[in-house]
Amino acid sequence: MAANCPAAIPSLLRGCLDAYEAAAVTPSSMLTGAGPIVSSSRAAMSAIAALSPRETQKVMFVLQDANVLPDLVLQLFLSSSSSSNRNDSDATTTAAFLIQHLSTRCNADIIMTTARNYESKQETPAAPHHASLERGSSDVVSKVLKPDTTRSIAHGKQQHHHQQRQQQHTNNIVPQRQEGLNHTVTANRKRRRIISLSKKAAWKERIIDRRPLPNLSNILVQDKVLATDVRTFILTSIQAVVKVEDTTPIQWGYATLLIRAYTLILYRVGIGAGSSLGSGTRFVEDSMTAIGVLATKLESSSNDIHHTKATSLGDEFRKIATCACIITFSRFSPIADAKQNNFMGGSAVAACVSCLTNLVTPSISHVSDVFVARVVGFLDNEDATELRTMIHSCFLKPCEIKKIFNDDSSDLEDAFFNICRWTSVKVMLQKDVIVARGVSIPAVTEDVMALVDAARRCSMEDAELDRIIGELLRGEPQHCSQLVRQSAVISLVTHAVVMLYKRPQPRLPLILPLHLEVLASNIGGHRHNSSGDQKLASHQQSQFILQLLYACIFLNEFPESAFAIDPRALPMDDAISLCKNHAHKGNTGVMKSIESILRDTMANHCPELLGETDVHTFPWTRLHTDHPRVVSPAMMSRMISSCMNNNKVDPSGGAAERSFLQARALFPLAEVDTAAASALLSTKYSPKPFFTYTALCRDPLTLLKCRVSIWMSRGLRRILLTILRRLLEGNCHITRKTAPTEDAAQELLAVRNLVVVRILLITLTGTFTGKASSSGQGKPSEKYCVHCPMTISIIRSLVSQHEGLVAMLIKQGLPNDAIDVLVEYVPECFTDAPNILKLLSERNSLTAPERLAAADGALRIAIAHGSRNEMQAQPLAYAALSVLVSSFFLVVGAVGVPVSVLSAEGGKDVTLKCRESAFRMLSAIQKIKGGTQSKRGIGLNHEAAIALQKIASLCQGDNGMATLAGSAAIRRKAILKEIWDAVLRAVNSMGGAIQM
């Protein structure tokens, strides 16, 4: 019919294809004649293809478009290629078809069909008897689908849910008819469209096969004749390439395609059996001879095939040909199945030896030299597992490589192990020369995997390995720019550090802290140079990243080493920003991995720096070349010294602070902070002290030894506090890491914070004692009061970190002005109310003046912040007022003594000290808000009223006046009058509700 009516051929093909699909998906229990229908449909399509080459092309196109009968398509390819007018394009098409279907066991047919099944099942409800098939196919799809196919399925799910929402919306809107005729028509259109899509999905579900289509590799394993024809076709095509004249250049891309198809055929099907051209020993001999000749021609024409790209056509051919040679060995029984080194000889084995020698001996390019060096290294060390993984990764898809150790793993493992033993016995290779070519500096800059394998196997001398890695990391910066583009560079650096474990102490690293500091300063020198140096600066930045990566890995492996770096002294935040900048240029995967290692190092050794990496940008890449003025750390240090020694030049310190901020924006923070700290601690007549940032972090209190004039200058004070805050954060982690226990670390940090808070509070009040006068009495120097938000912020931060810090400050004693600042500007002091209450309850730990001074601070805290928690404020106020009432006679003084004889250790009168604290407490009571008309503060009001009544009663009932006369009586009467007046003022401020 097709021969008599050519116009009906497309319809006949579609009918045969529909009949085949319907019979193939129908269970045998429902249709007994499914087998004959399938065979008849296949025979009919073969007959149509035999009419003419044009009809053959039509049949192949229809079958490939429908993704069915790959074996029939392959037979048609072979028949068309074996005709008299055969050309290279036919062989190219056939080889591409084989590669497409044999690269993975889950070929494109199964992937596309399963995807369509999954989509159709998501669009329409499944029949009950198909439930099990649906569950099975969904598992297959989740394992083998490509990302694009998965996205399309996800889009199909979203479209299905959207269609359901449209259907529900339509069903709700159409019956109501509230929006007029236009809305009704639109809803009806949506409904018809949804019904049409549902019908189409149901049709797809009935037509498309739910079972995986026959796999081409399985078909070739079962059909020995077809497999022999395929091997014969590939072999003759390769031999045709070999037989070209010497004057005609070889198309190495075409040759590579044929060798890849040859490798897949042998891997999936094997070499076959028999003595024909496409099977057995003859096939191995002819194929190895042809590939060996191509390898010889590749060496002679290597100068003509190289391109500027990293991987040329010659490199790809050499790689695939080497893989084809190894796969042939694994399928050739005289090599793969030999036991106890009883390897057989023969012409085929000699051809294998010659082919392998011709492939690995010459030096074609650095890229292929690295690959060959890895192969020879695996063969020499009998590393069959790594050899098998590398060979399979060259011609199989990633999803298939994960399964190679599950399918016939033991047989393949034995075959590759026998290959390693066979090459060591029968093949004489210059292994040292080949491996040395792969680990040379030019080769490693192209691909580091050969050096990684050598470091992992410890197959090189330590001195040689150190020389190569040291030259890569410390040599020309261009090498590092090429290394950071390779994902294996992290493995190389890691192995370079781990190999130090086998060496005796001291384990000297290849990168010392001084190397990093010098390189960082060199990079800084190119920040504002001409554009011609920007390329060199980029190379040095890559070198800095790799050296820092090595140093960080060494720090993680050997944290106690004397040669380990201190991350706080290096621009870690700048390095992370630089990794992000390089990631935008295309090295995303490598740079993200390096950034992750740097962040992990910071988290383990200096977590306080992690917050700076998100806000501090890398300046070396964002500075313009025409920057008008760059403030270096040395220039900043000179400006700070000038401000300290001559206040008239910069009285407020604004210029010095501005230079400090500019330097921090352009240079590493550790370098700038160290230079600023040295300037702040210097004097006019002495050289600047030398500090390292690590030493400052270990002892941040050194910074508080600065001159008093620094605290009086706003700009210098802010510089000092900025450095101090960062040093305290670093010291916090150092203390926790070096302390024997966590409790010991907390005690050390609490003592440190106590000293810092005390000094900062005193500097805010501005009271300092000068030199003693000739009479022996010290005279106060200039007194000033500073309101510095930065100082208050640091105080609040330190107080909130440790419970009991305020109670300890009150116990040790503070100036009255410092107590007022603490109460007014540090609301966190109220959290120490329970500890202050315990302090007031102790009888023997404090003297009477100290106890009354502590009660003064406690009362002020309760009054200022008691509204936050009345339940804590009322007991605190009660305890403080109880101390005031019980100390009344110490405040008034001893009876009958005209001059007070009670004195403290410092020589100051105890009575005067107690009297000062008592009057401060009475004045503080005046600040109690509320009263009987307000619920707020009613508890404090009640406690204060009781205490005032008791004090008033003591003043009225004082019996000492009856026995006193003269100046003592006058003095005592004046004191009682002052106390009485203070009580009256407090009563009046509280509303006068107390009965006197």
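Predicted model: local features only at pLDDT ≥ 70, side-chain atom pairs only at ≥ 80, totals over all residues.
Figure 1. A search for disulfides across the whole structure returns zero.

**Figure 2. The packing of helix 18 and helix 19.** Two packed helices are described by the angle between their axes and by the distance between those axes. Helix 18 comprises residues 366-380, and helix 19 comprises residues 384-393. Their axes lie 8 Å apart, and the helices pack at an angle of about 150°. Angles over 145 degrees count as roughly antiparallel, and helix 18 and helix 19 are therefore roughly antiparallel to each other. The crossing in which helix 18 passes helix 19 is left-handed.

**Figure 3. The residues that join helix 18 to helix 19.** On the side of helix 18, the contact is formed by Phe-371, Arg-374, Val-375, Phe-378 and Leu-379. These residues meet Glu-386, Leu-387, Met-390 and Ile-391 of helix 19. Sorted by class, the contact contains seven nonpolar residues, two charged residues and no polar ones.

Figure 4. Thr-791 belongs to helix 41, which spans residues 789-801. With a relative accessibility of 1%, Thr-791 counts as buried. When its neighbours within four places in sequence are left aside, Thr-791 is in contact with Arg-717, Leu-721, Leu-760 and Leu-764. Leu-764 and Thr-791 are 27 residues apart along the chain, and their C-alpha atoms are separated by 8.0 Å.

Conventions. Residues numbered from 1 in each chain as written. Heavy atoms only, no water. Axes fitted to C-alpha atoms, helices over the stretch in contact; angles between N-to-C directions. Helix = DSSP H or I, 4+ residues; strand = E, 2+ residues; numbered from the N terminus. Parallel < 35°, antiparallel > 145°, perpendicular 65-115°, else oblique. Left-handed = near helix turned anticlockwise from the far one by under 90°. Contact = heavy atoms within 4.5 Å. Nonpolar A, V, L, I, M, F, W, Y, C, P; charged D, E, K, R; others polar. Buried < 20%, exposed > 50% of the residue type's maximum accessible area, 1.4 Å probe, protein only. Disulfide = S-S within 2.5 Å.
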